[in-house]
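Please keep the structure open beside the text as we go.

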Amino acid sequence: MLTSGEHFFSLRVLTCPPKGVHFLLRKKTLKLVTEFFNDFVGGDVEDSDEKVEYKKVNELEAGAYISKGGSLSKISESFEERPVQVELLEKIVQAFNENKIGVFEAGTGVGKSYSYLIPSVLWALLNHEKVVISTGTINLQQQLCEKDIPAVEKIIGKKFKYVLLKGRQNYICMRRLNDAASILDLFEGESEELKRIAQWAESSSTGSKSDLTFMPSENVWSKVNSESDACMGKKCPFFGECFIMRLRKEAASANLIVVNHHLLFADIESRLSGAGYEDAAVLPPYRHIIFDEAHGIENAATSFFSESVNRFKLNKLINQMYRHRKNSEYGHLCSLAVLSSNDQKMENAFDLTNKIRLSLTNVEIAAKDLLSHEYTKRLYEGTARDFGPLLVAIGELTRALGDFTGIIRQIMDGIDDDDKDAPCYWESKVILRHLEGYVILLKNFSVWDEKLDHVFWIQKKRLPADMIRDGADADYIILTQTPLDISHLMNEGVFEQMSSVICTSATLKTGRDFSYWMRRTGLTLSGEERVIKGEFPSPFPYNKNMLFAVPSDAPTPDNIQYQQWIEMALPRLIQAAAGRTLVLFTSYESLKSAHRTAVASMRGFPGRIMKQGDDDNSKLLEAFKNEKESVLFATDSFWQGVDIPGESLSQVIIVKLPFTVPNDPVFVARAEAIEKRGGSSFMELSVPEAVIKFRQGIGRLIRRSDDKGVVVVLDRRIYEKRYGNSFLATMPESKQMYEPLSEITKKINSFIFD
Ligand code: SF4
């Protein structure tokens, strides 16, 4: 079924063929257009293989908007012409006009959002198509929707429609919220929270969880949020006031749709699984994607296409379906059984829930035995024998869970159509889908050797202290299946299907080219002729404003003295910069130890010395930004999540080159795959991955043109090893020092403060 937005598109294409043929409207789309006319308009349009034209965006006119004398210069007081921004815009126009995939590295300060937003809007308006803009972070989505897109409306002087879409589960479902009142036994001790959500929903204009004034517990929210399986669509009594339906309508007629990578992959997955590309799936149909923060695509896709299960996830679902306590039975299965008059099944269900819990315990015991003192282990030829007892336990769990889902299905099938509006029916559908997903995941563990395109691994995690109940085991196990390689998925699901795709980020290059990133994301499978590449360096004066220093007297990281040395060096470097320092680690253990030493040795220092884990990441960043002399010791997401212009961030210290630790099972499996085909996993995977992270880390320092500061790398391998060149080659041109620590600390002070 075509959505309203596509109806307009269809009319336009068929009745008003534009001039200057250069693109084909896909035959399938023509077929849909034809069907629409014949079925709904009563017309008699013939299907045809005729070529349909698209209008080209004029690159000079598009570039003029942000050039000297253009409309941006008239509305922005701080306008400075940025030739690289215009060049990037022109390349993006070319990609739209010529059906290409653009790979564009644009340094900090290029202003790349205007460079892609303007061509996207112009294309969308000219050709009545949608452009999807996919980002890696919420911050960028907010910046686009609150600042950049409204500004583009003014710059081009035209109104257009844009919509920010988040995953469905971020929105309230009015039907589930209403039904929740009738199943209050599922809300023990949480009914107050439910009432607050209900109050908020009455006046909310978005229905989005992010607009709640408090953070609901995961448990409560998951029972009232929107779920595709629980959605009654047009049959729903709340259809007219549904936030999701309203958003869908808006998206169907929007020119730009802003999403995150995760939601985009959810859409791609559903299209690959049968929804196709011509109709609405998770998103309305589209043929153009802009990936901003494209350096994170591989991780985002890997995480999206990974599946995992642990005892909490599984128990929660089982309990929602069926619980037996003090001679009473609870859960959706009980309500379903009443509707289907199937008492025998209840008996079986009770036995099976016990069996599932027992099998789950056995899986945990076997996994913990296997892991012993380790935290992760991969299932592969080298460990298959050790995994034996765990696989037996997983097999038992799979059977019990499979039987349980079978019973639910039989009971649901036995319900009259008239009774299928009951809340228990819709809730059970959601739970059943999750449980059946777990059955597939568990079965896959048993046949891991037939699924060599996936990595199967187990992980031991510790519960947060406030969740550990008396006598309970604080450790729990996660079973995960991760795709070994997402390049084929990306090629088949994205690059082959789209008319144009723009991939942009400040860090796509490793060494001197894009080959690593293109290989990992499947772009090399697209054929050279479809790809346009370009580098657009930052206009900021790094050569004047950034000092890059590496202490030549640091021991190398494999030296036993290394940790001790950095714990001596960090306080000196921090004092030299009068605080204002972000220290980036690759290991939390090393971070904790260095932080302890710094706090002890810097008593009397006026700035706070904070560390990741002391508070929420966002609160830590806020404090770091507002307290000029403060210092933040951080790892993980802080390598790329920090955007603090000004004096509060005048020094970035990179403790070690950020190579992935070799006990990450997915990384090891990927490295092995490279070795198997005769490549060097170190040069083809470890180094380029570390280079991208390193560049992200360095990118925290200079956020606007008048920022000034120092990057200190305490790992002298960057100068002494041959692979160090891959890191150095990607550095912006800056002042460099490779001298003893004492010289560097002297220089830091004069560089920042003189
Ligand atoms: S239409 Fe679907 S998402 Fe909307 S309120 Fe009804 S059930 Fe919930």
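How many bridges join strand E10 (residues 454–462) to strand E11 (residues 475–483)? Nine bridges join E10 to E11, and the two strands run antiparallel. Within this pairing, Lys-460 has Ile-477 in E11 as its bridge partner. Strands here (E, at least two residues) and helices (H or I, at least four residues) are DSSP runs, numbered from the N terminus, and two strands pair if DSSP finds at least two bridges between them.

A word on the ground rules before going further. What you see is a predicted model, in which local features need pLDDT of at least 70 and side-chain atom pairs count only at pLDDT 80 or more, while totals for chains, interfaces and linings use all residues. Residues are numbered from 1 along each chain as its sequence is written, and side-chain values use heavy atoms, with hydrogens and water left out.

Now step back to the sheet that holds the pair. E10 and E11 belong to an open sheet of four strands with antiparallel pairing, in the order E6-E11-E10-E9. Its edges are strand E6 (307–310) and strand E9 (376–379), each of which pairs on one side only. Neighbouring strands of this sheet are turned by 20° against each other on average, direction ignored; the axes behind such angles are lines fitted to C-alpha atoms, for helices over the stretch in contact, and angles run from 0 to 180 degrees between N-to-C directions.

A second open sheet has seven strands and parallel pairing, in the order E3-E4-E2-E5-E12-E1-E13. Here the edge strands are strand E3 (162–164) and strand E13 (531–536), each pairing on one side only. The twist averages 15° from one strand to the next.

Six of its six residues are buried, so E12 is largely enclosed by the rest of the structure; buried means under 20% relative accessible area, exposed means over 50%, and partly exposed lies in between (1.4 Å probe, protein chains only). Ser-500, Ile-502 and Thr-504 point one way from E12, while Val-501, Cys-503 and Ser-505 point the other way. Strand E1 (residues 101–106) pairs with E12 in the parallel sense over five bridges, and Ile-101 stands opposite Val-501. Strand E5 (residues 288–291) also runs parallel to E12, joined by four bridges. Here Ile-289 has Val-501 as its bridge partner, and Phe-291 has Cys-503.

Let us turn to the rings. The whole structure holds 19 aromatic pairs, where rings of Phe, Tyr and Trp (its six-membered ring) pair if their centres lie within 6.5 Å, with planes under 30 degrees apart counted as stacked, over 60 as edge-to-face and the rest as tilted. In one of them, the rings of Tyr-425 and Trp-426 have centres 6.0 Å apart and planes at 80°, so the pair is edge-to-face. Tyr-425 is buried at a relative accessible area of 13%, and Trp-426 is buried at 7%.

The rings of Phe-659 and Tyr-723 also make an edge-to-face pair, because their centres are 5.6 Å apart and their planes stand at 85°. Phe-659 lies in the loop between strand E18 (651–654) and helix H25 (665–676), and Tyr-723 in the loop between helix H27 (717–720) and helix H28 (724–728), so the pair ties together parts that are 64 residues apart in sequence. Phe-659 is buried at 18% relative accessibility, and Tyr-723 is buried at 12%. Together with Phe-682, Phe-694 and Phe-727, these two residues form one aromatic cluster.

Next comes the ligand. It is surrounded by 13 residues, and the closest are Cys-173, Cys-231, Met-232, Cys-236 and Cys-242; a residue is near a molecule or strand if one of its heavy atoms lies within 4 Å of it.

Finally, visit two loops. His-128 has a positive phi of about 55° although it is not a glycine. His-128 is found between helix H6 (112–127) and strand E2 (131–135), and is partly exposed, with a relative accessible area of 34%. Asp-636 is not a glycine either, yet has a positive phi of about 45°; Asp-636 sits in the loop between strand E17 (631–634) and E18.
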